[in-house]
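Trainee: I would like to learn how to read a structure such as this one, one feature at a time. Could we look at it together and begin with a single residue?

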2 protein chains.
Amino acid sequence: MSASSPLLNELIEALRCLPGVGGKSAQRMAFHLLERDRQRGLRLARALEQAMQRIGNCTRCRNFSEEPVCALCASASRDRHVLCVVESPTDLAAIEQATGYRGQYFVLLGRLSPLDGMGPQELGLDLLAQRLGEGEIEEMIIATNPTVEGEATAHYLAQLARAGGIRPTRLAHGVPLGGELEYVDRGTLAHAFGSRQALD
Amino acid sequence: MSASSPLLNELIEALRCLPGVGGKSAQRMAFHLLERDRQRGLRLARALEQAMQRIGNCTRCRNFSEEPVCALCASASRDRHVLCVVESPTDLAAIEQATGYRGQYFVLLGRLSPLDGMGPQELGLDLLAQRLGEGEIEEMIIATNPTVEGEATAHYLAQLARAGGIRPTRLAHGVPLGGELEYVDRGTLAHAFGSRQALD
């Protein structure tokens, strides 16, 4: 902490809200911005304020968006017959960046977890059911996390899809590419072994 | 990058001005704030804006301060007979946090480097000379960095001190505590060897 400036102390303290930033890093960031980059510091302040105040959720897919309907849902170039369901906007971003997927999304903003008060209502499953009811979607790719709660959610979603005459699919689980069998956890290895595929 | 929100993209891009934050970390920070911590995100925005716009330099020691004279210079409990000269506010903070030093400071905001346009004027040495001329200071602790330019600056400062009848001192250089001789660089080891001290 600097002994001479309350505003500087406040900035260092506030920077600690960022994930992975402790006291030392926060101090280094504050000094860096003050000494070398005040313009970009101000730009960051404005970007933060705008984002925190104006970003809400798309009324169609529930992803982050400052418009009622996000650019992705509004896009005419995305395949309207496939819907990928994810737990969070972070998961959506990961899929967008890693895969060539060009279909639609639906973001649950959570997973089924009755003890935490996360039921079908909170996950927007009524909105999802309505979307499925529109009749365009043929495949629902269920991309919830492979945790106990994520699996329960996947199970529930699959039932929802089948009830609407839609084919549910699930991301493949197994040994990660580049991973060594020796270091893969037992659950994953057992699953990969059981789900072995024929080489043609 | 998120495909659906320009404000989110702008925030991720702006977060990259922080030292040590690349694209992946910036994305993680933005999603973290949006999903879990909007209040603290807004607080950070305000702290940044205030700090970038209102923090200037103390007219007496040139450290960061939003007041004309910083709390440290204004404090009656600091020893007025010792002055520690440092290159940057970061160095001042490091000394404050690590040592029990209770004297005054002077921040050069740089080091002598004529090629970069950093001369005595830019380092505020006229202000320093005026301070020394007040007659209160008896010892000047020169805490510039042990680089070529820092040493040249130290040399210059020592002359300034002597001209004013003030005793110049320099931080001790040598093998860091906890360091192993094997891994200490040759320059430091040679210096530590030459400056060996008698054990009494």
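Mentor: Let us start with Glu151(A), which counts as partly exposed at a relative accessibility of 34%. Here buried means under 20% relative accessible area, exposed means over 50%, and partly exposed lies in between, with a 1.4 Å probe and protein chains only. Please keep in mind that this is a predicted model, in which local features need pLDDT of at least 70 and side-chain atom pairs count only at pLDDT 80 or more, while totals for chains, interfaces and linings use all residues. Residues are numbered from 1 along each chain as its sequence is written, chains are lettered from A and ligands numbered from 1 in the order in which they are written, and side-chain values use heavy atoms, with hydrogens and water left out.

Trainee: With which residue does the side chain of Glu151(A) meet in a salt bridge?

Mentor: A salt bridge is a side-chain nitrogen of Lys or Arg within 4 Å of a carboxyl oxygen of Asp or Glu. The partner of Glu151(A) is Arg170(A), at 3.3 Å from N to O. The pair links distant parts of the chain, with Glu151(A) in helix 7 (residues 148-163) and Arg170(A) in strand 6 of chain A, 19 residues apart. Helices (H or I, at least four residues) and strands (E, at least two) are DSSP runs numbered from the N terminus. Arg170(A) is itself partly exposed, with a relative accessible area of 27%.

Trainee: Is Thr144(B) buried or exposed?

Mentor: Thr144(B), in the loop between strand 5 (139-142) and helix 7 (148-163) of chain B, is buried, with a relative accessible area of 3%. Contact means heavy atoms within 4.5 Å, and, leaving aside neighbours within four places in sequence, the residues in contact with Thr144(B) include Val85(B), Glu87(B), Leu108(B) and Arg170(B).

Trainee: How should I read the size of the interface between the two chains?

Mentor: The size of an interface is often given as the accessible area lost when the parts come together. Between chain B and chain A the buried area (accessible area lost, 1.4 Å probe, summed over both parts) is about 5,400 Å², of which carbon and sulfur atoms give 67%. In chain B, Leu7(B), Met52(B) and Phe64(B) lose the most area to chain A, together 14% of what that side buries. Counted by contact, 55 residues of chain B meet 54 residues of chain A.

Trainee: How many salt bridges does the rule find across this interface?

Mentor: The rule finds 2. In one of the pairs that span the chains, Arg43(B) forms a salt bridge with Glu10(A), the closest N and O atoms being 3.1 Å apart. Elsewhere, Ser5(B), in the segment before helix 1 of chain B, is buried with a relative accessible area of 1%.

Trainee: How are the two copies related to each other?

Mentor: A rotation of 180° with 0.0 Å of shift along its axis superposes chain B on chain A, with an RMSD of 0.0 Å, by least squares on the C-alpha atoms of residues with pLDDT of at least 70 in both. The two copies are thus related as by a two-fold rotation axis. In chain B, the C-alpha nearest that axis belongs to Ala45(B), 2.2 Å from it. The same surface serves both copies, since 98% of the contact residues of chain B recur in chain A.

Technical notes: Buried area = accessible area lost by both parts, 1.4 Å probe.
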